[in-house]
Amino acid sequence: MLGLFQLEGKNALVTGAARGIGKGIAEGLAAAGAAVTLVDLNQKQSSEAASAIKKSGGNAVGAALDVRDLDAMGAFVEDNAPFDILVNNAGVNRMRDVLDFAPTDYDAIFDINARAAFFLSQHVARKLIDCGSGGSIINISSQMGQVGGARRALYCGSKHAIEGFTKAMAIELGPHKIRVNTICPTFIETELAKQFLDDPDFRADVERRICLGRIGNTDDIAAAAVYLASPASSLVTGAAIKVDGGWTAE
Amino acid sequence: MSDFSLDDFRLDARSALVTGAGRGIGLAVAKGLAAAGAKVTLAARTCDEVKAAAKDIQHQGGDADFIDLDVLDHDAVCKFINGAPVFDILVNNAGTNRPAPFLEVEPEDYDAIFNLNVRSAFFVAQAVASRLVALNKGGSIINMSSQMGHVGAARRSVYCGSKHAMEGWSKAMAIELGPHNIRVNTVCPTFIETPMTKPFFEDEGFRNDVLSRIHLGRIGQMKDVVGAVVYLASAASSLVTGSALKVDGGWTAD
């Protein structure tokens, strides 16, 4: 039965993989048997994360790349064996009141969250089609791809954009057996989220809205990614897996 | 390093109830849960089928039991669930369909579909959740919805209504049962090849139409649903509640 969830012989690319959710996903995919390439802006952290996976018996390599550099990403995909699994995880957030956002904020958020993910998916899918093999593209969206959130207008916009192009890609890439899905996490305990979650009022509000009563951890997201990467989900495409403890059910 | 391992998908020491388990998707799900380590109780009105299926699972080294149960009979459902060891996992799978043009639907068709797909499923979930809450145990309730819980389709007005209803109360249950660590989710399959649907697919026009809408280009297989159910039943999905897992090859993305 567990064979359905195994990723032996699969080649995976994870962006934003040096820390937090991306690192957790890379570790999860490796634990399920995939060979994982960890891409991050930070060279030192991406090779450290890859080394940690290797030490625990996994197959991993780190690469320092800026996902916003579409040509560099395209060349990287071209130079490597086809990635059967792509996890578009790199993302940013800037929180402001809606009236205070500047065009530079818009560009910073949309360039990584939407534009970089879109074109990396394009590069990976093109190579898969050329090689005649199927694959699984997993876009890390957010519960904010389903609902709105105060001081998060641009983040919500960028994540809704991911939800939209994911469905369209699923339709076009389906005949090539390339599946495209999103994972929509609620707040997850990471270094990045620590800045908000250290505020006791904010934390209490988040815990109240997550009906299961706990903040998420990176393993929750890794498990969803393994499911979506594996043969267990081979008929799942154009779907959004919400890992939000019930936040968006309300 | 992360604590995740493939064993997070295992269901050892978990007890599961599957309704409509005599054949088709329910039977495949029961076998899948048993293969993942759960002790499975197969419920159906077709006693001979679940008895044979339970025996089959046991022969393959799984742990299975069966019960002759009509989920339309509320008293029988409560009596059985209150008398049985607690179920950590419920797969509310019993369901029916009577495809017909909207203008020709009779109240009797409406009642047959809603009584089984909505009313029975609601109260089976309530009975299982009541036990879990009383014993202060968490659990996972998986409601077998459909892609028709998200979109409409010709000749399926009542079925679509019933599955949309299930989507609605699943979210509400998730909110109320979350504090008790009981998760409630739906699985939304597209057309799946089962003994029941096989005759539909012998009609080439219907088959081609379905295949043109499933972008992955194949009719669903029962194992596609099994993968989703095992994920939702297991600790791998322990933060997932109030969600709908679509297993539709992209049908509803269009």
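Reader: Where do the cut-offs lie for buried, partly exposed and exposed?
Author: Relative accessible area decides, taken with a 1.4 Å probe on protein chains only. Buried means under 20%, exposed means over 50%, and partly exposed lies in between. By that rule, B:Arg98, at 34% relative accessibility, counts as partly exposed.

Reader: What kind of model is this?
Author: This is a predicted model, in which local features need pLDDT of at least 70, side-chain atom pairs count only at pLDDT 80 or more, and totals for chains, interfaces and linings use all residues. Residues are numbered from 1 along each chain as its sequence is written, chains are lettered from A and ligands numbered from 1 in the order in which they are written, and side-chain values use heavy atoms, leaving out hydrogens and water.

Reader: How many salt bridges does a search of the whole structure find?
Author: A salt bridge needs a side-chain nitrogen of Lys or Arg within 4 Å of a carboxyl oxygen of Asp or Glu. One network of them links A:Arg94, A:Arg96 and A:Asp105. Over all chains, the search finds 21.

Reader: Which residue forms a salt bridge with B:Glu108?
Author: The N to O distance in this salt bridge is 3.1 Å. B:Glu108 lies in helix H4 (residues 107–134) of chain B and its partner in the loop between strand E4 (89–92) and H4, so the pair ties together parts ten residues apart in sequence. Helices (H or I, at least four residues) and strands (E, at least two) are DSSP runs, numbered from the N terminus. The partner is B:Arg98.

Reader: What separates A:Glu207 and A:Arg203 along their helix?
Author: Their side chains meet in a salt bridge at 3.5 Å, N to O. A:Glu207 is partly exposed at 29%, and A:Arg203 is partly exposed at 25%. Both sit in helix H7 (residues 200–209) of chain A, four residues apart, so the separation is about one helical turn.

Reader: How many salt bridges does the rule find across the interface of chain A and chain B?
Author: Contact means heavy atoms within 4.5 Å. It takes 49 residues from chain A and 47 residues from chain B. For salt bridges across this interface, the rule finds zero.

Reader: Which helix gives the most to the side of chain A that touches chain B?
Author: Several elements each supply at least two residues, among them helix H1 (20–31), helix H5 (153–173) and helix H8 (218–229) of chain A. The top contribution is six residues, and it comes from H8(A).
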